Amino acid sequence: MRQVPVLIVGGSLTGLSAALFLTAHGVPVTVVERRPAVLAHPRLRGLLPRTMELYRQAGLEPDILAVCPPGVSAGHLPSVHAPDLADEHELLGDTGGDSTEAELSPCAFVPIGQHELEGLLVERLRERDCELCFGTEASGLVPDEDGVTVLLHRPDGTAETVRAHWLVAADGASGTVRRRLGIAVHGPGTLFRMATTHVEADLSPALRGRPVGMAYLDRPAPGTTLGPLDSTGRRWFFATALPPDAPVAEEDLLDRLRAATGLPDLRARLLPQGPGLPPVMAFPVGARVAERFTDGRALLAGDAAHLMPPTGSLGGHTGVEDAHNLAWKLAAVLHGGADPALLDTYDAERRPVAERNVREAHLRARARWRLPGHESDARLTDMDRLLYGGVYRSSAVPGTSPPPGPDPLDRLPAPDPLDPRALGGVPGTRAPHVPVSQDGAEPVSTLDLYGRGPVVLVGPDGDTWATAAERAAKALGVPVEVYHLDTDLSAPHGLGARGALLVRPDGYVAWRAAGGPARAEDADAVFAAVLAAVLGRPAVGSP
């Protein structure tokens, strides 16, 4: 039986991203994916600024920007609603990119298809300590206190039993791991069944020179969507809602395409969606969240943990953030710096975010597709607050308390109203982006300090906290980086001249002292206790 540190079941966006972040932390990873290759379906159609921040931290940002056409932004590829493509277009706001101001992030919205992004992830992972196993099925999952045993079925017909210290289930909404673990879900459930295909067709008579990034159409039924696959104007992604038990026939899809475009005589050709895959695929569009994201050494991420409608890129973003949150914690545990109890904070931190984002994606889907009753829905939360206004509450943020247990999505409270421009280093929130430059070089972001291990920021007179941090790091055997901030950088982080801020590897603030301690020995005791708490290790005093 072969032993592996981390086995990821599912080699799509969330699983590949988890592998990227884990290998960036020096953790060897095995990824198994039942499909023979990356799916050619675009699915996610763009990366939100916060998602780009995570890939920037892992070094993938230059590769992503090299693939995207220069000068193309969400504003150049607008989302629209119309009865059909040839009819009048209504511009939809909150595209998920241009609403976010540059003051909040060093990154911008990037219009890249998921198939292109996954291709980049695979290329990067093949250069790292990652075993990629496409065409491989995982079955016979047996979890216990110390790990998970899985039977892998290889494409050549052979089988292998693998023992993983930790298993990440990123096998999607229709995956088997969550069901094998007996984890239930709650939420509105399935909204409708969607059929998708890629088509080659000239839609210029319907567009009449109007740019479109995504068109949400009423015909032939609400739930119909059209979007470009490339810049030629002849390759398109087409999706439409189907009755529950309707067959998925190619000729029927072509008739539906003609109704959607408003071009009754349109000639089109269906294209395959990947190697060995049919041109037409069907799947449920729904909204639901797992009752828990952890089961011993098995951890759910992405659509396996939360399914949301494909509107606003929130589903892909939430899955990538899951992977990012998991990666530093798994790495800290596997490298010996943290206690396995640290992984308990994954559910406490990520499930409330998933509940909120599923609710918002559900509202966006109802509004964009004009589903029955959407007029009475609650007002949408702006994207800035969704991306930057959330707060983690767990033992990995000392002094905060875990959130209450799960509620059905239709009874969730309104999203947290925190204004991301006013957070300024509040514990549990993403550390603020502040541009910095040195010796006339191009400005970078304070966010670029994070990603490797815990980081301590101290004010210009914060030597006492800096010394305490270095002593605590040495005592616990955990590398900690310390940076002294000038006054103009301290203020946006909520620090006085003698204050300090502890930032986790995922860029979230774990603890803050606005000012200095009364005595130096107090700083030593406080920081040792705080750092131990963040890592799930026994306390050495009281924060």
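## A helix under cover

Helix α2 (residues 49-57) has seven of its nine residues buried, so the rest of the structure largely encloses it. Here, buried means under 20% relative accessible area, exposed means over 50%, and partly exposed is anything in between (1.4 Å probe, protein chains only). Helices (H or I, at least four residues) and strands (E, at least two) are DSSP runs, numbered from the N terminus.

This is a predicted model, where local features need pLDDT of at least 70, side-chain atom pairs count only at pLDDT 80 or more, and totals for chains, interfaces and linings use all residues. Residues are numbered from 1 along each chain as its sequence is written, and side-chain values use heavy atoms, with hydrogens and water left out.

Back to α2: its buried residues are Pro 49, Arg 50, Thr 51, Met 52, Glu 53, Leu 54 and Tyr 55. What sits over them? The cover includes α1 (13-24), α3 (61-67), α4 (114-125), α8 and α10, where contact means heavy atoms within 4.5 Å. After α2 comes Gly 59, with a positive phi near 85°.

## Tyr 55 and the cores

Setting aside neighbours within four places in sequence, Tyr 55 is in contact with Leu 13, Ser 17, Leu 20, Phe 21, Leu 47, Leu 60, Glu 61, Ile 64, Leu 117, Leu 121 and Val 320. Tyr 55 also belongs to the largest nonpolar core, a set of 111 residues in which Ile 8, Tyr 55, Ile 64, Leu 167 and Phe 527 touch the most other members. Helix α8 (residues 314-334) gives this core its largest share, ten residues.

There's a second, separate core as well, with 24 residues, including Val 80, Ala 195, Leu 253 and Leu 270. By nonpolar core we mean a set of buried Ala, Val, Leu, Ile, Met, Phe, Trp, Tyr and Cys residues joined through side-chain atoms within 4.5 Å.

## Val 67 on α3

Val 67 is found in helix α3 and is partly exposed, at 35% relative accessible area. Leaving out neighbours within four places in sequence, Val 67 is in contact with Ile 112, Glu 116 and Leu 120. Val 67 and Glu 116 are 49 residues apart along the chain, yet their C-alpha atoms are separated by 8.0 Å.

Most residues other than glycine have a negative phi, and most peptide bonds are trans. Arg 208, in the loop between α6 (204-207) and β10, has a positive phi near 50°; Arg 208 is partly exposed, with a relative accessible area of 47%. Arg 370 has a positive phi near 55°. Arg 370 sits in the loop between α9 (344-368) and α10 (383-388) and counts as partly exposed at 25% relative accessibility.

Then there's the cis peptide bond joining Arg 219 and Pro 220, with omega about 0°. Pro 220 is in the loop between β10 (214-217) and β11 (224-228).

## The whole chain

The protein chain comes to 13 helices and 23 strands, and 56% of its 543 residues count as buried. Its C-alpha trace spans about 80 × 55 × 45 Å along the principal axes. The radius of gyration is 24 Å, which agrees with the value near 24 Å for a compact globule of 543 residues; the radius is taken over C-alpha atoms, and the globule rule is 2.2 Å times the number of residues to the power 0.38.

Among contacts with a separation of 6 or more, residues 24 or more positions apart account for 72%.
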